[in-house]
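The following questions and answers examine a protein complex. Please consult the sequence and structure as you read.

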Amino acid sequence: MSDWVEACAAGDIDEEDVMRFDHGGRTFAIYRSPDDEFFATDGLCTHEKVHLADGLVMDDIIECPKHNGRFNYKTGAARGAPVCVNLKTYPVKVDAGKVLIQIG
Amino acid sequence: MARGMVIIGAGECGGRAALALRELGYDGAVTLVGDEPHLPYERPPLSKDAMVSEAPEIKAIASDAILAEKSIRHIHSVQAVAIDRAAHAVRLSDGSVLPYDKLLLATGSTPRKLPMPGLGPRCVYLRTFTDALAIRAHLTAGNRIAVIGGGFIGLELAAAARKLGAAVTVIEAQPRILMRGVPAEIAEIIHEAHVAEGVKILCGDGIASIADDGKEVRVTLAGGQEISADLAVVGIGAVPVTGLAAEAGLTIDNGIAVDAELRSSDPDIFAAGDCCSFPLAVYGGRRVRLEAWRNAQEQGALAARNMLGAGEAHAAVPWFWSDQYGLSLQIAGLSDEGRSIVRRDLDDGAFILFHLAEDGRLVAASGIGPGNAVARDIRLAEMLIGKWAKPAPEALGSQAVKLKSLLAA
């Protein structure tokens, strides 16, 4: 349940940017929003399993590097073609400069 | 408005347009007509994943369930044979007649045929899923594949064929591969990757003759060299499918000529995707025709909006990608608009060439590298191009300067 995992240091990610985090055979994407909050989603696009961490973050949108599928990384909501399946999101907290995600 | 919307062509563009009409809340009849037996599907995998997979499957844009849920009527395996503009109706090859309020022609393009005699059953083209399955059956270890044309389809196919152990020869009449739209510096990286994987590339020599006896193809080059193959795949470009539009008297100009809102010379008929030429606003209205997946998708959606009266002009920047081996190429904009080049090196050998116009405006960016190494910067370049930005060349050339910071400027 409360399986909090340390993903990175807060300073590892720039504002309005994203980083890949692999853990336990799974891959995640960790985001830092322009207003300095942290978020986490599954790491692969729901369209063709491309790593979203290679994509571009603009405001609260992550855009897939391959086919420009867009998701709101705060809610996981798919934002138009070619993606139609939402992205799974995970709770995130920052503790003593560390970014932790609950992957339970 | 009681007749509804009819879309001719059930590919990426037509499929997206049908879905977009529903997303926009249109509740009249939507009919999607396609000449293939399949659901609307994505074509890019045909020269890539579908070629190496054991049992290639269609990557559908919408399932039967989605089409039913959205009340999109999909008529497959049928051709549109005539448009009666006065009656606002389309006649199909099965004899039926579809009335329309607005008509969208998303008829796509078809492979350019090699204009010479001698081609037989062992000389094939790639456009449809059925074509892909037929080619896939020949891609086995030791089989000899001749790829005629060093463009994207041919090169992606060559990469797939090598992966399966086939012996591949690429024949390109031009002095180098990817002459159209790809800078020499990047074409060279792709050329080297193919050679390293064992592909034989023959450039600068045209084909003198072809003999195909149904079991083997013999290609003789102008210089006398002879290439024997079990299968020859011809990939020498594509031509827009305009017959239906031309017979209906619509203006044709390197494709069905449309305005910035994708409207043809008949105000109730739109055209989008590979089949149309349109004024590209980002280059001052230069008329172009694009053969690209994203363009098909975006124009399908834009046509849907304008069929419903949005009056929205096309504003996108062309964008294109190709995958070969572990390399991915991405191009934003049209590089022939550029007069000078600035190179930006990224990690892992990846790099981007920025193409600048005489006045310093960024007009295109071409990048290549492993995986998706260039994706983010190409996307940012695309936005800079769309903004008519004139970034400092030294900033573009320095990896230390984030492209995102130039966007805000």
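On a 1 Å grid over the protein atoms alone, a cavity is a set of points where a 1.4 Å probe fits but cannot get out, a pocket is an open set with protein on both sides within 12 Å along at least five of seven lines, and a lining residue has an atom within 4 Å of a point. This is a predicted model, in which local features need pLDDT of at least 70 and side-chain atom pairs count only at pLDDT 80 or more, while totals for chains, interfaces and linings use all residues. Residues are numbered from 1 along each chain as its sequence is written, chains are lettered from A and ligands numbered from 1 in the order in which they are written, and side-chain values use heavy atoms, with hydrogens and water left out.

Q: Which element gives the most to the lining of the largest cavity?
A: The lining comprises G55(A), L56(A), E63(A), C64(A), P65(A), N68(A), W319(B), Q330(B), A375(B), R376(B) and R379(B). Elements here are DSSP runs numbered from the N terminus, helices being H or I of at least four residues and strands E of at least two. With three residues, the largest contributor is α9(B).

Q: What volume does the largest cavity have?
A: A search of the whole structure finds one cavity of 30 Å³ or more. Grid points are joined across faces, edges and corners, and a volume is the space filled by probe spheres set on the points. The space in the largest cavity is about 50 Å³.

Q: How many residues of chain B are in contact with chain A?
A: Contact means heavy atoms within 4.5 Å. On the side of chain A, 21 residues take part, and the number from chain B is 21.

Q: Which three residues supply 37% of the area that chain B buries against chain A?
A: Buried area is the accessible area (1.4 Å probe) that two parts lose on being put together, summed over both. Chains B and A bury about 1700 Å² between them, with 45% of it on carbon and sulfur atoms. More of chain B's share comes from these than from any other three residues: N372(B), R376(B) and K404(B).

Q: How many salt bridges are counted between chain B and chain A?
A: A salt bridge is a side-chain nitrogen of Lys or Arg within 4 Å of a carboxyl oxygen of Asp or Glu. D17(A) and K402(B) form one, with their closest N and O atoms 3.8 Å apart. Between the two chains the count is six.

Q: Which element gives the most to the lining of the second largest pocket?
A: This pocket has a volume of about 970 Å³. Its lining has 36 residues, with R70(A), G80(A), A81(A), Q297(B) and A301(B) nearest the centre. At least two residues each come from α1, α8 and α9 of chain B. The largest contribution, seven residues, is from α8(B).

Q: How many residues apart are R85(B) and D266(B)?
A: These residues form a salt bridge whose closest N and O atoms are 2.9 Å apart. R85(B) lies in the loop between β4 and β5 of chain B, and D266(B) in the loop between β18 and β19 of chain B. The pair links distant parts of the chain, and the separation in residues is 181.
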